[in-house]
Every structure is written in C-alpha cells, then in structure tokens.
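Subject: Structure for your review

Dear colleague,

Please find below the structure that I would like to hand over to you. My notes on what was found in it follow directly after.

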Amino acid sequence: MDTLIPLFVAIPLISAFLIILLGKLVNGFHRFLGPITLLVLLIMAVYEFTGLGKSSITYAMGGWASEGGFPVGIYLVLDGFSVLMLCIINLIGLIALFYSLSYMTKYTAESNYFALFCLIIAGMNGVVLSGDLFNLFVFLEVSVISSYALVAFGIGKTELEASFKYQVLGGLASMLILLAIGLIYWKTKTLNIADVRNVLDAGYSQSFYLFVQVLLIAGFGLKAAIIPFHAWLPDAHSSAPSPISAMLSGVLIKAVGIYVLIRLFFNMFVFSHEIALVLTSLGAISMVVGSLLAIVQWDLKRLLAYSSISQIGYVVMAFGMGILLLLKGDNEPAAVLAIGGAIYHMINHAVFKGLLFLNAGSLEHRLDTRNLKEMGGLSKVMPVTSTTSFIASMSISGIPPFNGFFSKLIIIIAAINGRFYLLATLAVVVSIITLAYFLKFQRYAFFNKPAGKAIQKIREVPFPMSFSMIVLATLCLALSLLAIPSVSEVVLRPAIDVLMQPELYSPTMIGI
Amino acid sequence: MTVYILCFVLFLVGLYGVITRRNLIKIAISLSIMEFSIFLILVLIGYIDNGLAPIVDPGSSAQIYVDPLPQAMALTAIVIGLATTAMLMAIAIRLYRKYKTFDIREIRNLRG
C-alpha cells in the first residue's frame, strides 16, 4: 500500500509530459488522458483513505532509510490529515477537469491547458504528502508556477495584468518561505518536519523561532490570501478560466496555504501564545473584512473571490482558537471541536466554492458577461445552473440542511465553549452578511427582470458542465452527514488526532 | 556578521525596486535581486571557515568540509527562480504587445 504514495506525484507528472508530447499529434488525446488521470488519482486517494484509519504511512524516496534515528532521504508521509486533503484535491480536480471538457472549447491550445492542469495537481499532491521542508517548497513552486500560467491562459488584458500581479506577490511569498526554511535549517541542521520537532523539543530560543514563524505566516498568508496579504486574490481568481478559479479558490489556497501553515504550526513548532493570537486575529479580520468587501461587488467572480477570503478567515480563526484552547489546557473538548470544525469547513468550502465558480463559469459561457447588473431572469432558461447555485449559496451562507450550516455551527459552538464570545458573535454576523450577498447574487442573476439581452435564446449548458455541477451540489448535501458524530469519528477524527498529538507524527516518520 | 548585513541590504535594495519602479522589466529584475540575496544567505548558512568543497577524499583525514545541503538547496532554488523569471518575462512581453508600454501606470484595469 505504501508503494502507491509516490504515484500521487508521479502519475500527473507523467500525464502532463505525455499530453505535451502527444497532444498535438493525436487528436483529442488530452481530452481522454486528463480525466482518466484524475479519476485514477481519486480512486487511489479513496482507497488509501479507507485503508488508512488512524495509522500513518511513511515512504522513503529512493529507498534512503534513516540511519541511527537520523533521517537521510526525503520522506513522503500519508496520515489522517493529508489523506483527507488528497481526496479533496483530486475530487475537485476531477470535477473541474470534466467541466473543462466543454468549457475550454472556446480557447486555443487546449492540450497545454490539460498539461498545466495535471502539473498543478502534481504540485498540490506533493505539497500535502511531503514530510520534508525543502521538498515541500519545490512542490509548492511547481503548483504555483503552473497556476500563474493558468491565470493568464485567456491572454486578454485583464488576465495578463492579474497574472503579473499574482506573480510578483507570489514570488515575494516564495522568497519569505525559502528564507524561513533556510533559517530553520541553520538552527536545527535538519529539514525533516518530524526531526525539526524532535530538535525543538530538546530546547530552543523563543525569539529566533518567533521570527521564523512570522516569516512563515507572511509567506503562506500570501499564498492563502489572509487579509493583509489578499491583494492578488480577487484579480487572479476572477480573471482565470472558471474551472481554474474553482481549483484556485477551492483547493490551491488551502493546499499550499492553510494546509502547510497548519501542518507546520501544529506538527513542527511548539505552540506559542503570541502566534496563536496572531492567527486568530488575522482569521477574524479576514472573515469580517472579506465579507464586507464582497457585498459591494457587482462582478460575480470578484464577489465569489472576496467571499473566499472571508471563508478562509473562518478556517484560520478556528485553528487559532484551537491552539489557544490547547495552550490553556483546561478545555480539550472545545479545542477538538474548533480544530474539527476548521477541517470540516475547509472540506465544505472546497466543495461549495468550487460549485459556485463553476456556476459563474456557466453564466459566463452563455452570457459572455460577469456583471450581475446585465443578468436576470435566468432561472427559467438555465434550471440546472440556477438550482445548483441556489444550493451552493444556501450552503455557504449556513442554511440548515446543507453542509455549511453544520461546520459553521461547530466553529461557533467551539468559540462559545472556549469563552471567545466576541469571535462567536463575529462568526454569526459574518454568516448573516454572507447570506445577504448570496441573496443578492441569486436575485440579480436568476430572479430579477431580464436586463438587455433576449433571454429566450439562452440554453442550458452542455452535459459535462451541468453534470459536474450536479455532482458537486449532491456533495453539498451529502457532506452534511459528517456532522453525525459516528461518521465524523471515522472521517475527521484521524486528522484531528494527528494535529493534536505531534508525538504521533514524529516517531512514525523517522522510524525510531 | 558583515556579510549577513550586506545580504540583508541586497534584499532591501530588491524590495525597494519592487515597490518603487514603474517598469515591468525593472520590477522583474528587482525580484531577481531579492531572490539572489536569499540564495546568498542559503550558501552562507552552509559555510564553515576554512572548509573545503564537500568532496570526501578517503586519502586525507580530518578535513573540514562546508555543508553541502544548503548548496544543493541554493541550486534547486536557482532553477525554480529561472522558471519564475521566464514566466514573468513571458507575461511582461505579452503585456507589452497589448499596451505598447512597460509602464505600470498605464496598465491599470484591475483594482485590488
């Protein structure tokens, strides 16, 4: 079973290579190989997920086993948290790629798109699997460089400008991360995440690592678009082709931003009160400001992009609360709730934000506009888009039968149990603001009087697009099941355990 | 210590360039300068006074070698830096074809 692990990176890399090589020669080769690759990856991820349980597997690349308890080679680690991320990445990837089959027909150089898509998946799979800091940085660059290219894929004026902005800020973030990794190596003389933890357990200088942690928060905060670092996100996510927006907003900012931040702060560094406070307040600020910025937008995809910032705020805030509660030590159930709620919300956000961007893509595909003022009355002519986007909107704003309600509820209950009353109030208020701007989207896009164009000529989108949207909408409902304790015990509990007990993570990895 | 301060100064020179320059190409160059200051820091981390290049010779004993790992990291990072710079240049050239200028004050369709 552990031999499957490197395939998560190798398969998409090979497919990307083959698509570049043969895509021009064999007609329709990329349309065949791309979805097959993602399907295989998804099946593998689910297989690993069912087999893994609470254990974790380490794969030593190139067979370099540890020497006397000292890790020599590069390790890939599969545990409860990373397997969950793998499932999400490959699931959203498969659906977005299936959607692109008909969405990308209006672009040229389609085979390049599919190759880049495979590369972005390879990078993200590598990031969540890597147990080595520098290797993680390399995979991170693989995925973000392909995302730079994909944002600019339309090569219009706005796409190029957004991509340039994204690259300058992304380059800055990569440098901060590289500097932090260098500094960690300087003090600990190891790059292995678990080994760094072992060295830190033996004693460390607080001030030096605070500096490193601040560098990491700035670097990965830029990748995850937490509020003071968010400037690139609305431009990049709204300019990219819609399936790519779904990938960027739904998965990329989580896999290369939040996931790494959380993995490093929980499993590598020793908790510190200051950093927990910084994370919690950054999360709360981006939650509030993101939603306030979203409500004034008229460009549909910008509205969704700002809403991503706000929802990411929920996740970061809940993780910060979790660390604060663990540090206090007297209220462990609340900490479990906070961390579990954060992971749950992360999964949910991937699903419903992916779906919303696909909806926006369908509207753009048929109407050639993203301006809400130019839409209206579409619920009759585009029933699938209308219904699925209604489900996604209700789910993101936290209306009961859908998944968003339960994850937000868990976070709010955790905040109340942990006596963070201000944060609980803010979470409720932001949820109401979210409902407001999604009602605005629903009303102006689907229910108002039609503006301008004759809407009778507009038809529903083709099968691959509507099918992807229906699958995601079903998932929005199905994921509510995770709120049932016995289900979440199986799905979320291993991830929570790995994060809460770093001593579980380290020994299995080094092999001592 | 002086070397580290010089590296930091180089980093700040790059940052100053990214913030103040108006030309797309100059922004890209400033980013490269920042990148190279980080590479220098990486190499400095592995440096040991009087250390030799880390090619272990069984004949001679008790030598001091510099740490090879940061050098490998710097090399990998240089390759990644090349990819990002090439990507940045490609976008800059495309932008030039659209706008006939490299001036960022005239390339402003999007607002944060």
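In strand E2 of chain A, A:Leu76 is the bridge partner of A:Tyr59. Please keep in mind throughout that this is a predicted model. The bridge belongs to a pairing between strand E1 (residues 57–60) of chain A and E2(A), which run in the antiparallel sense and are joined over 4 bridges. In a regular strand, the side chains alternate between the two faces of the sheet. Strand E2 (residues 75–78) of chain A is covered on both faces. A:Tyr75 and A:Val77 are buried on one side, and A:Leu76 and A:Leu78 are buried on the other.

Chain A as a whole has 20 helices and 2 strands. Its radius of gyration is 22 Å, close to the 24 Å that the globule rule gives for 512 residues, so chain A is as compact as a globular protein of that length. The C-alpha atoms of chain A fill a box of roughly 70 × 60 × 45 Å along the principal axes. Of the 512 residues in chain A, 62% count as buried.

One of the helices of chain A, H4 (residues 110–129), has 20 residues. From its first C-alpha to its last, H4(A) reaches 29 Å, close to the 28 Å expected at 1.5 Å a residue. This helix is mostly covered, with 18 of its 20 residues buried.

Which residues touch the most other members of the largest nonpolar core? They are A:Ala338 and A:Cys476, in a core of 221 residues. Helix H13 (residues 332–367) of chain A gives the largest share of this core, namely 20 residues. Leaving aside neighbours within four places in sequence, A:Cys476 is in contact with several residues, including A:Val351, A:Phe352, A:Leu355 and A:Ile391.

A further residue to look at is A:Phe266, which lies in helix H10 (residues 242–268) of chain A. Is A:Phe266 buried or exposed? A residue counts as buried if 20 or more other C-beta atoms lie within 10 Å of its own. A:Phe266 has 21 such atoms within 10 Å, and it is therefore buried. Not counting residues up to four places away in sequence, A:Phe266 touches A:Leu499 and A:Pro502. Between A:Phe266 and A:Gly341 there are 16 Å in space, C-alpha to C-alpha, and the two are 75 residues apart in sequence.

Chain B has 3 helices and 0 strands, and its elements run α-α-α from the N terminus on. The radius of gyration of chain B is 19 Å, well over the 13 Å that the globule rule gives for 112 residues, so chain B is more spread out than a compact globule. Its C-alpha atoms fill a box of roughly 65 × 25 × 20 Å along the principal axes. Of the 112 residues of chain B, 23% count as buried.

Finally, the two chains touch each other, and the contact takes 28 residues from chain B and 27 residues from chain A. On the side of chain B that touches chain A, helix H2 (24–46) and helix H3 (68–99) of chain B are the elements that give two or more residues. H3(B) provides the largest share, 14 residues. By class, this side of chain B has 21 nonpolar, 4 polar and 3 charged residues.

Yours sincerely

Key
Residues are numbered from 1 along each chain as its sequence is written. Chains are lettered from A and ligands numbered from 1 in the order in which they are written. This is a predicted model: local features need pLDDT of at least 70, side-chain atom pairs count only at pLDDT 80 or more; totals for chains, interfaces and linings use all residues. The radius of gyration is taken over C-alpha atoms; the globule rule is 2.2 Å times the number of residues to the power 0.38. A residue is buried if 20 or more other C-beta atoms lie within 10 Å of its own, exposed if 12 or fewer, and partly exposed in between; C-beta atoms are placed from the backbone. Two residues are in contact if their C-beta atoms, placed from the backbone, lie within 7 Å. Ala, Val, Leu, Ile, Met, Phe, Trp, Tyr, Cys and Pro count as nonpolar, Asp, Glu, Lys and Arg as charged, and the others, Gly among them, as polar. The expected span of a helix is 1.5 Å times one less than its number of residues. Two strands pair if DSSP finds at least two bridges between them. A nonpolar core is a set of buried Ala, Val, Leu, Ile, Met, Phe, Trp, Tyr and Cys residues joined through C-beta atoms within 7 Å.
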